[in-house]
Amino acid sequence: MIMVLRNLASYLRPYKLLSFLFFAGLFLDLAFVSLAPLSFKFMVDNAIIPHDFGQFYLILSILGIAGLIGFSSGIISDYILSKLSARVQRDLRSGLFAHLQHVNIAFFQRTRASDLLSYLSGDLSAIDRAMTVILTTGIQSVSVVIISAGVLFTLEWSMAVLVLIGAVLIFTGPYLLGGRAQAINAQYKDQMSLMTGDVQENIKAQRVIKGFHLQQLMIDKFHTRLQSLFVIDYKKNVINSSLERIPMISLLLINFTIIGFGSYLALQGQITVGALVAFFTMYTSMGNSVFNLTFAIPAFTDAKVSMDRIQQLLVELPEANGTVQLQPLPNQQLDIEARELTFRYAEKQDVLKDINLHIPPGTTAAFVGSSGSGKSTMVQLILGFYAPNEGHIRINGISLQEMDKGSLREQIGIVFQDNFLFRGTIMDNLRLSKPHATREEVIQAAAKAEIDGFIQSLPDGYETEVLDEGGNFSGGQRQRIAIARAILRDPQILLLDEATSALDPISEASINETFRRLAHNRTVVTVTHRLSAITDADQIFVFDQGKLIESGTHREMLAAEGYYKELWDKQNGLSVSPSGEEAEIDENRLARLPFFRDMNIDVLREIKDLFNTETFSAGQAVIHEGEAGNKFYIIARGKVEISKRPVGDAERIRLAILADGDHFGEIALLENVPRTADVSALTECTFLTLQRKVLHYVLSQYPELDARVREKLKERYN
Ligand SMILES: Nc1ncnc2c1ncn2[C@@H]1O[C@H](COP(=O)(O)OP(=O)(O)OP(=O)(O)O)[C@@H](O)[C@H]1O
């Protein structure tokens, strides 16, 4: 209770004058409410019994004037309290929000959005409620109880002692239950956040849910969640109503005792009738106050839980920041260097290990490698989102640890694979990276990102509203808006993390051309799995399982015949039409598939024509686990996720991510084996597919080849 009161006092501290006026108004109001019942004693003993009309009018007038002052003060203090509580809410919200802006990015990965939302809505509302209850009912009731108790002692001490013992009893029950009530309230809040989190996730995942026909599973999962919530909700209601009911019962018992004992004393002539009436009136008003106080207890408990939760958030550390400002000079580009860098998100699991790389000023670098090899993590370390566990990154010779991150990020333009668009207009979204950009500058940037034509064609042009995180635009359009946003900043360092993954081949080629032009006079780092886009990079860094295993130019690394050459060969020999609708594979690429290795090139030439092209949009299911497989897929362009739901487990686990040049589902060429995993498109995908029947029809003309292919497929299957 002390902690709640201390916190409330600290919230009010910035508003000293308002708080003073509030307490002054409240005091006058209280003085009237507490002392008014005493008027009965004077009315009965001095006016009614002696039949004195003069005293009657005098007492009535004093009561009327005091009432007017008391009630006006009450109204004024209510008005001030409304203002005070709205200001406190505003301060708490803005304080929490500002704190969140500076908290380490890792915090957002381990905290569900719904928890954060419940801090800003549920918990702050609980504090607001408690503040109103404590500052009105709470203070009022406590004061009435104290003043009344004093007056009751002067009226008749023996009855007052009985009342006091009763009052202690009233609070004993709630006090004993308090700890449990607090724990259950905290559990209830946690369960509520989990439930809203589930709903939020469910809304966002509707494509996947419908794509994989997971509705019933989701309903069952939600039902389990609701069941846990129900149990806690029920317990919370029981304990909260006990907190209210126990004092009510105690109060009734005290009433009974006082009526009996008071009347006995009056019958004995130990107190006057006026004093008895005043005692009862005063006691009733005191009883009401005590009763009101018991209603304030759940609000206290609730506020204590919410204050604890908010405190937990406020102690979350802001991201580490240095003080050295990065001040690049005009015409001097930035230099990026990583030395003996090791990084892990979780204990004992190095995601990047012993990385040494140097990207000289004004050059272009590309990070390539299989999915999960650490490329994006490297970009995030350059942005200073995380600090390396060992080694360091230096920009222009300054260690990122010592650098003011804001001064670095202002020099960076970044495009991610998934780009968030804010609510507001397209113009607002573009201007984010350079708030004072002129309309012309924005249009120029949009033209370079090849999105100006599309925006102008919209009825509201640049003033078109962005809905639902950009849901009214396609993935490609969102990506181009993000590219325009990065270009508008005219940054010293351009970071492109799979920046063209959502574009069709023709747009991708022309945006890459734009990037090439933009690369002039700045340092560019590109993360991509599409090697054809980075063949002219000054340096290519190849990552594999967190290690930097090769680096050099495209030519140098092809000549080295290492892992890069392998990656290149996988993607080479596949072509996609500019629209992305048609794809082809050449016979040499086909010959590199394990089960076609060493096969006659003429037969492969025949087989390559048997492939069909199939396209899928991002989020679409390609293969469902358990269905009969009858074709084999090669990814000509795009990225897919292979996942599986272990038996009896609701959580799907990711097995792999495959991209351009990878293949899957070859067992379907062997026989009608049920698919062993789900495959879904992560980006727009163009696949080359080969039907089992068609392949074996062609191969049936070459029985020996047919047998060899089956043999090799069997080997792979086993
Ligand atoms: N926030 C995170 N918390 C914990 N582990 C993470 C986090 N982000 C990535 N990882 C893990 O770190 C490893 C490297 O991921 P990263 O995203 O850097 O790879 P990548 O090479 O960029 O992959 P992709 O091409 O699929 O984007 C992966 O094993 C991934 O699961």
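Helix H11 (residues 375-382) supplies the largest share of the shell around the ligand, with 3 residues. The model is predicted. The protein is divided into three parts: domain 1 (2-14 + 103-314), domain 2 (336-555) and domain 3 (575-717).

**Ligand shell**

- The shell around the ligand holds 13 residues, and Tyr345, Ser371, Lys375, Ser376 and Thr377 come nearest.
- By type, the shell divides into 9 polar residues, 3 nonpolar and 1 charged.

**Domains and the annotated ABC transporter region**

- Domain 1 is built from two stretches, 2-14 and 103-314.
- The centres of domain 1 and domain 2 are separated by 51 Å, taken over C-alpha atoms.
- An unreviewed UniProt entry carries the annotation "domain: ABC transporter" for residues 336-570.
- Residues 336-570 are 33% helix and 27% strand.
- The end C-alpha atoms of that span, residues 336-570, are 30 Å apart.

**Annotated transmembrane regions**

- UniProt, in an unreviewed entry, places the feature "transmembrane region" at residues 57-81, 130-153, 159-177 and 246-267.
- Residues 57-81 are 100% helix and 0% strand, with end C-alpha atoms 35 Å apart.
- Residues 246-267 are also 100% helix and 0% strand, and here the end C-alpha atoms are 32 Å apart.

**Helix H10 and helix H6**

- Two packed helices are described by the angle between their axes and the distance between the axes.
- Helix H6 (residues 113-155) and helix H10 (residues 273-314) have axes that come within 6 Å and cross at roughly 155 degrees.
- Angles over 145 degrees count as roughly antiparallel, so H6 is roughly antiparallel to H10.
- The crossing of H6 past H10 is left-handed.
- The contact of H6 with H10 involves 29 nonpolar residues, 9 polar and 4 charged.

**Helix H10 and helix H1**

- Helix H1 (residues 2-12) also packs with H10, at an angle of about 70 degrees and with the axes 9 Å apart.
- Angles from 65 to 115 degrees count as roughly perpendicular, so H1 is roughly perpendicular to H10.
- H1 passes H10 in a left-handed crossing.

Technical notes. Residues are numbered from 1 along each chain as its sequence is written. This is a predicted model: local features need pLDDT of at least 70, side-chain atom pairs count only at pLDDT 80 or more; totals for chains, interfaces and linings use all residues. UniProt positions are given in the numbering used here, feature names are shortened, and annotations may be inferred rather than shown by experiment. Helices (H or I, at least four residues) and strands (E, at least two) are DSSP runs, numbered from the N terminus. Axes are lines fitted to C-alpha atoms, for helices over the stretch in contact, and angles run from 0 to 180 degrees between N-to-C directions. Angles under 35 degrees count as roughly parallel, over 145 as roughly antiparallel, 65 to 115 as roughly perpendicular and the rest as oblique. A crossing is left-handed if the near helix is turned anticlockwise from the far one by less than a right angle, and right-handed if clockwise. Ala, Val, Leu, Ile, Met, Phe, Trp, Tyr, Cys and Pro count as nonpolar, Asp, Glu, Lys and Arg as charged, and the others, Gly among them, as polar. A residue is near a molecule or strand if its C-beta atom, placed from the backbone, lies within 6 Å of it. Domain bounds come from an automatic or database domain assignment.
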